[in-house]
Every structure is written in C-alpha cells, then in structure tokens.
2 protein chains.
Amino acid sequence: METIAKQSGASLTIKKGDRLKVTAPKGEQVSDMVLFNKNDIREKISSGKTLDFEESILISKGNFLWSNRSRKMMEILEDTNGRNDFLLAPCSPETFEIMYNNKEYHPSCFENLYTNLAKYDITPDDIPTAFNIFMNVQFDTDGKISVDPPLNSGQDYILFEAKMDLIVGLTACSAEDSNGGTFKEIEFEVLTSNQ
Amino acid sequence: METIAKQSGASLTIKKGDRLKVTAPKGEQVSDMVLFNKNDIREKISSGKTLDFEESILISKGNFLWSNRSRKMMEILEDTNGRNDFLLAPCSPETFEIMYNNKEYHPSCFENLYTNLAKYDITPDDIPTAFNIFMNVQFDTDGKISVDPPLNSGQDYILFEAKMDLIVGLTACSAEDSNGGTFKEIEFEVLTSNQ
C-alpha cells in the first residue's frame with residue numbers, strides 16, 4: 001500500500017493482468033487517474049472513446065476504460081462507491097484563476113500529473129481528460145453540471161485490472177469544491193497477476 | 001460557400017476574428033469539428049476543459065470552445081438547432097467493428113479528419129474528441145447515452161467566431177445512427193473579419 005499525500009500525485013507502471021486498488025482512507029476525496037500505453041505513450045486514455053463504447057456518462061463496475069486507439073486499457077472489477085466522473089479535465093492553475101478568481105499559486109491535479117509523469121517523457125500537453133475516481137459530478141437532462149462533495153467513505157475502493165502494460169498517473173485532488181472543502185490523502189496498491 | 005461531400009471531410013485555416021458558419025442543407029446530418037492552434041498544433045480543442053469552464057454537457061449559443069491549455073478557441077455566436085454533442089469521440093473504423101460488428105471498410109470521421117489534417121503534420125493520434133455539430137446525443141440522469149436522429153433542418157446553422165488563429169477539421173459524418181440512416185453533405189463558409 002502506498003500513500004499519495006494530500007494535494008500531490010504519483011506515477012507507476014503496471015503490467016497487463018495486474019490489479020490496481022485505489023482508496024481514500026479518510027473518505028470524501030477524489031483521485032484523478034490518467035493512463036498511457038507503456039510501450040507507446042501516444043496511446044492514452046480517452047473519455048470520448050470510453051463514453052462511446054460504454055454508452056454511458058457514468059463509468060463504474062463492469063465498464064472498461066478505452067484508449068484513443070479504441071483498445072481496452074483497464075476493466076473496473078469493483079467499485080463500492082459507484083460514482084466517478086469522466087467529463088471534466090483535471091484541475092489546473094487556470095481552473096482556480098478562471099473559475100474562482102484565484103491569482104495565487106494553487107496546487108492542481110494537472111501539475112501533479114505532468115510533474116510525476118515527466119520521467120516517462122510525458123509533457124503537460126500530453127495530459128488528457130482524466131478518469132476522476134470518486135468525483136461526484138451531477139448533471140440534469142439539460143446538461144447543467146454541478147460538482148458536489150464526494151460520497152465515498154474511508155471503506156470505499158475501486159479495483160481496476162490492466163488490459164495492457166500501462167503507465168499510470170494518480171493524484172490526491174487539489175480542488176476545494178471537488179473534495180468537500182478539505183484535502184485528504186489517497187492510497188493505492190498494486191496486486192500483481194503472479195499473486 | 002464550400003461543400004463537404006457526404007461521408008468525407010475538409011480542413012481549413014481561419015484567423016482570429018473570422019467567423020465560420022456550418023450548415024447541412026438537406027438537414028438531419030452531423031458534422032464533427034476539431035480545432036488546433038495554427039501556430040502550435042499541440043494546443044487543441046478539449047472536451048474536458050470546455051465542459052468544465054462552461055459548466056454544461058450541452059454546448060450551444062453563448063458558450064466557448066476551450067483548448068487543453070485553458071484558452072478560448074471559438075465562441076458560438078448563433079446556433080439555431082441548439083443541440084450538439086461533446087461527449088463522444090469521432091466515429092472510427094473500430095466504432096463500426098466493435099459496436100456494429102462491421103468487418104468491412106467503412107468511411108469514418110476519424111479517417112476523414114486525419115487524412116485532411118495530415119498536411120498540417122497532424123497525425124491520427126493527435127485527433128481529440130470532436131465537437132459534434134448537430135449531433136443529437138440524449139442522456140438521462142443515470143448517464144445512459146442514446147444517439148438519436150439529428151433534429152436540424154436545412155435552414156439550421158451554427159456560427160462560430162475564432163478567438164485565435166486556427167486549423168479546423170470538419171466532416172460530413174459517416175455513422176448511420178448519428179445521421180438518421182442516410183448521409184448528406186455539409187456546407188461551410190468563412191466570413192473574414194475584414195468583411
């Protein structure tokens with residue numbers, strides 16, 4: 001089990017068949033996740049392909065996460081909370097400046113993703129729309145979006161299985177509105193396919 | 001006025017301040033649009049940033065289309081039909097193979113975008129989730145997506161204003177289900193800011 005401190009990030013590689021478990025031990029905390037093909041970083045997680053193939057805006061247990069090359073990157077084996085978002089881009093410095101008029105430095109998932117992924121030659125422009133684990137984005141049939149406090153408790157977890165060798169970027173999200181106003185750590189664990 | 005033949009595509013460049021008008025003269029036809037910064041193709045249209053900043057799944061008159069660098073690429077000045085989709089990736093060969101079990105060659109927006117954009121050094125992997133003009137994607141509050149026949153008549157149009165110099169990729173969409181079962185042409189017109 002590894003810990004991602006509040007408002008920070010991590011990266012790792014996992015092999016096809018490995019399982020990745022993500023939890024927020026104090027609850028009410030979002031984790032942004034991006035995926036790249038370990039052998040060719042130009043293949044990466046795609047919200048548009050995932051929503052298309054899964055025919056759903058909400059992605060949970062039984063759904064797959066697809067790449068821009070229309071290949072399965074992960075399967076969601078378990079999801080005890082059941083609410084994740086795949087609509088919104090990772091929070092970035094501009095999120096806080098444009099939406100909240102914050103002109104000061106503010107940690108962001110975008111920065112925490114690209115800094116942790118730089119060692120794989122992944123640059124800021126390469127960061128796609130993330131799969132936002134535990135993020136509670138509500139919407140009505142007119143399309144109006146609201147970002148509500150996440151509903152996950154400390155016991156909730158999501159379990160993925162890799163369908164190809166992957167580079168994974170993960171964060172403990174830095175946006176006040178996405179995390180019920182306070183920031184907590186994220187824990188993750190890789191269960192290798194040899195276990 | 002220029003015509004995009006059914007199941008094909010086009011590309012063009014427009015300058016900041018230029019306006020782009022898109023119509024389907026026979027109605028009931030979708031056009032996929034992607035945008036790149038003309039001076040740096042690594043900046044491109046982002047569904048995640050647009051849905052985030054506009055706080056809506058449905059993007060229409062008065063909304064902006066944003067880039068992955070959190071900058072405004074276009075403003076929608078007019079939209080007489082009022083239904084566009086920014087959830088689903090452009091149809092690709094895999095769309096027809098995976099979702100419709102079609103093993104034969106099938107024209108696709110993905111191919112029509114990357115072939116028309118190749119002259120700007122834009123490759124297949126660079127194609128993002130497109131802004132799907134006139135596409136009638138319906139969804140419920142459980143997130144279930146359905147692709148319904150488009151509602152645009154031959155008189156409907158959408159008018160964009162460029163907020164930076166842009167490379168634009170446009171298609172006459174090739175997916176049966178997105179276009180009421182038949183394929184029609186798309187027309188577009190650039191109104192330069194000097195006019």
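This is a predicted model: local features need pLDDT of at least 70, side-chain atom pairs count only at pLDDT 80 or more; totals for chains, interfaces and linings use all residues.

Across all chains, the count comes to 20 salt bridges. The count of cavities of 30 Å³ or more comes to 1, and the largest pocket has a volume of about 560 Å³.

**Salt bridges within one chain**

- Let's begin with a bit of background: side chains of opposite charge can pair when their charged atoms come close.
- In chain A, Lys26(A) and Glu185(A) form a salt bridge through their side chains, with 3.4 Å from N to O.
- Lys26(A) sits in the loop between strands S3 (19–23) and S4 (31–37) of chain A, and Glu185(A) sits in the loop between strands S12 (166–171) and S13 (186–191), so this pair ties together parts that are 159 residues apart in sequence.
- Is Lys26(A) buried or exposed? Lys26(A) counts as exposed, because its relative accessibility is 58% and the cut-off for exposed is over 50%.
- In chain B, the side chains of Glu161(B) and Arg19(B) make a salt bridge of 3.2 Å, N to O.
- Glu161(B) belongs to strand S11 (residues 157–162) and Arg19(B) to strand S3 (residues 19–23), both of chain B, so the pair links parts that are 142 residues apart in sequence.
- Glu161(B) has a relative accessibility of 16%, so it counts as buried, while Arg19(B) is partly exposed at 35%.

**Salt bridges and the two chains**

- Arg42(B) and Asp125(A) also meet in a salt bridge, at 3.5 Å from N to O.
- This pair crosses between chains: Arg42(B) is in strand S5 (residues 40–44) of chain B, and Asp125(A) is in the loop between helix H3 (109–117) and strand S8 (131–133) of chain A.
- With a relative accessible area of 38%, Arg42(B) is partly exposed.
- There's a network too: salt bridges that share partners join Asp40(A), Arg42(A), Glu43(A), Arg69(A), Arg71(A), Asp125(B) and Asp126(B).

- Glu54(B) is part of helix H1 of chain B.
- What is the nearest side chain of opposite charge to Glu54(B)? That's Lys72(B), which is 6.6 Å away. A salt bridge has to be within 4 Å, so Glu54(B), though buried, has no salt bridge.
- Glu54(B) does have a polar atom of its side chain 3.4 Å from the backbone nitrogen of Phe64(B).
- Over in chain A, Ser92(A) lies in the loop between strand S7 (72–79) and helix H2 (93–100).
- Ser92(A) has a relative accessible area of 1%, so it is buried.
- The side chain of Ser92(A) makes a polar contact of 2.8 Å with the side chain of Lys49(B).

**The cavity**

- The largest cavity has a volume of about 40 Å³.
- Its lining has residues from both chains: Ser47(A), Gly48(A), Leu51(A), Phe86(A) and Leu87(A), plus Ser47(B), Leu51(B), Phe86(B), Leu87(B) and Thr129(B).
- Helix H1 (47–54) of chain A and helix H1 (47–54) of chain B are the elements that give two or more residues to this lining.
- Which element gives the most to the lining of the largest cavity? H1(A) does, with 3 residues.
- By class, the cavity lining has 6 nonpolar residues, 4 polar ones and no charged ones.

- The largest pocket is lined by 33 residues, and the closest to its centre are Lys44(A), Pro128(A), Ile127(B), Pro128(B) and Thr129(B).
- H1 of chain A, along with H1 and helix H2 (93–100) of chain B, each supply at least two residues of that lining.
- The lining of the largest pocket splits into 14 nonpolar, 10 polar and 9 charged residues.
- The second largest pocket has a volume of about 290 Å³.
- This second pocket has 19 lining residues, and Leu88(A), Met99(A), Tyr100(A), Val147(A) and Asp52(B) lie nearest its centre.
- H2 and strand S10 (145–148) of chain A each supply at least two residues of the lining of the second largest pocket.
- That lining has 11 nonpolar, 4 polar and 4 charged residues.

How values were computed:
Residues are numbered from 1 along each chain as its sequence is written. Chains are lettered from A and ligands numbered from 1 in the order in which they are written. Side-chain values use heavy atoms; hydrogens and water are left out. On a 1 Å grid over the protein atoms alone, a cavity is a set of points where a 1.4 Å probe fits but cannot get out, and a pocket is an open set with protein on both sides within 12 Å along at least five of seven lines; lining residues have an atom within 4 Å of a point. Grid points are joined across faces, edges and corners, and a volume is the space filled by probe spheres set on the points. Helices (H or I, at least four residues) and strands (E, at least two) are DSSP runs, numbered from the N terminus. Ala, Val, Leu, Ile, Met, Phe, Trp, Tyr, Cys and Pro count as nonpolar, Asp, Glu, Lys and Arg as charged, and the others, Gly among them, as polar. Buried means under 20% relative accessible area, exposed over 50%, partly exposed in between (1.4 Å probe, protein chains only). Lys and Arg count as positive and Asp and Glu as negative; His and the chain ends are not counted. A polar contact is a pair of N or O atoms within 3.5 Å; within protein, one must be able to donate a hydrogen and the other to accept it, and residues adjacent in sequence count only if both atoms are side-chain atoms.
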